[in-house]
Structure formats: C-alpha cells, structure tokens
Amino acid sequence: MQQQLTRVAIPDDIEFSDLKLARDPDGAVSFDWAVIERICHASGLPLEMMRDAPEDNVASLIIGWYQAHRADGGAADPVADDLIAEAMAEDAAGQQFSHQPGRA
C-alpha cells in the first residue's frame with residue numbers, strides 16, 4: 001500500500017480539546033467530526049479522505065495533531081495517551097490489527 005504525506009493546517013481557533021476525544025462504553029473511539037471537517041477544509045483535503053477511508057487516516061491525523069499539541073506545551077489528553085500506548089503495545093507484540101475489546 002502506498003503512503004502519501006500531506007500537510008495539514010489546524011485553524012488557529014481550534015484547540016485539541018475541541019475534538020472531544022472519548023472512549024465509548026464499547027471501547028470504540030469517538031470525537032467531534034465537525035472539527036475534522038474544519039481541518040480538512042483549511043487543509044484543502046476532501047473530507048472523504050478521513051471519513052470514508054481506512055481509520056488509519058483519521059487516527060494518524062489525530063495522533064499527529066496531538067503530538068504537535070503536546071510539543072507546543074498543550075495539556076495531556078488521557079484518551080489520546082491511551083490510544084498511543086495501545087498502538088505501541090500492539091506494535092511491540094507484532095499485532096497488525098486492532099480488535100474491539102473482548103474480541104481479540
């Protein structure tokens with residue numbers, strides 16, 4: 001699979017916390033899609049590139065934004081930290097796919 005790097009612009013009036021990143025009771029991740037829509041618009045990206053594509057696209061956007069947010073002195077987000085730790089544990093175990101809780 002081919003990967004392509006894309007420059008993303010986060011509008012100045014959007015904060016990482018506006019994403020409202022959360023874990024649902026079933027373990028799924030939820031967030032405010034309107035924030036992603038604004039980022040796509042500001043970046044000249046089609047929303048479908050995030051919404052209708054593999055979840056890795058939007059996950060990469062969120063994690064990259066979070067890392068930049070933290071590097072700029074932004075507050076920690078426990079859900080983002082948990083997602084990063086989960087991905088690192090999966091990588092360390094050689095697990096190529098994420099499973100919903102209780103389904104691994």
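**Figure 1. Contacts and overall make-up of the protein chain in the predicted model.** Of the contacts (heavy atoms within 4.5 Å) in the protein chain with a separation of 6 or more, 51% are accounted for by residues 24 or more positions apart. The model is predicted, so local features need pLDDT of at least 70 and side-chain atom pairs count only at pLDDT 80 or more, while totals for chains, interfaces and linings use all residues. Residues are numbered from 1 along each chain as its sequence is written, and side-chain values use heavy atoms, with hydrogens and water left out. The secondary structure comprises four helices and two strands, where helices (H or I, at least four residues) and strands (E, at least two) are DSSP runs numbered from the N terminus. Along the sequence these elements follow the pattern β-β-α-α-α-α. Buried residues (under 20% relative accessible area; exposed is over 50% and partly exposed in between, with a 1.4 Å probe and protein chains only) make up 26% of the 104 residues in the chain.

Figure 2. Helix α4 consists of 15 residues, 78–92. The buried residues of α4 are V79, A80, L83 and E90. Seen down the helix axis, these buried residues fall within an arc of 100° (taken from the directions from the axis to the C-beta atoms), so they line one face of α4. They pack against β1 (22–23), β2 (29–30) and α3 (55–71). P78, M88 and A92 are exposed on the other side of the helix. After α4 comes G94, whose phi is positive, near 75°.

**Figure 3. D77 at the start of helix α4.** D77 is located in the loop between α3 and α4. At the start of α4, a side-chain oxygen of D77 comes within 3.0 Å of the backbone nitrogen of V79. The cut-off for such a polar contact is a pair of N or O atoms within 3.5 Å; within protein, one must be able to donate a hydrogen and the other to accept it, and residues adjacent in sequence count only if both atoms are side-chain atoms. D77 is buried yet has no salt bridge, a salt bridge being a side-chain nitrogen of Lys or Arg within 4 Å of a carboxyl oxygen of Asp or Glu. The nearest side chain of opposite charge is that of R70, 9.2 Å away; Lys and Arg count as positive and Asp and Glu as negative, whereas His and the chain ends are not counted. Not counting residues up to four places away in sequence, D77 touches F16, L21 and Y66.

**Figure 4. H69 in helix α3.** H69 is found in helix α3. The residue is buried, with a relative accessible area of 17%. Not counting residues up to four places away in sequence, H69 touches F16, G74 and A75.

**Figure 5. The salt bridge between D13 and R38.** A search of the whole structure finds five salt bridges. In one of them, D13 pairs with R38, and the closest N and O atoms are 2.8 Å apart. D13 lies in the segment before β1 and R38 in helix α1 (residues 33–43), so the pair ties together parts that are 25 residues apart in sequence. D13 counts as exposed at 53% relative accessibility, and R38 as partly exposed at 39%.

Figure 6. The side chains of K20 and D32 meet in a salt bridge at 3.9 Å, N to O. K20 lies in the segment before β1 and D32 in the loop between β2 and α1, so the pair ties together parts that are twelve residues apart in sequence. K20 is exposed, with a relative accessible area of 58%, whereas D32 is partly exposed at 24% relative accessibility. The phi of K20 is near 55°, a positive value in a residue other than glycine. Most residues other than glycine have a negative phi.

Figure 7. R51 and E37 meet through their side chains in a salt bridge of 2.9 Å, N to O. R51 lies in helix α2 (residues 48–51) and E37 in helix α1, so the pair ties together parts that are 14 residues apart in sequence. R51 is partly exposed, with a relative accessible area of 39%, and E37 counts as partly exposed at 35%.

How values were computed:
The expected span of a helix is 1.5 Å times one less than its number of residues.
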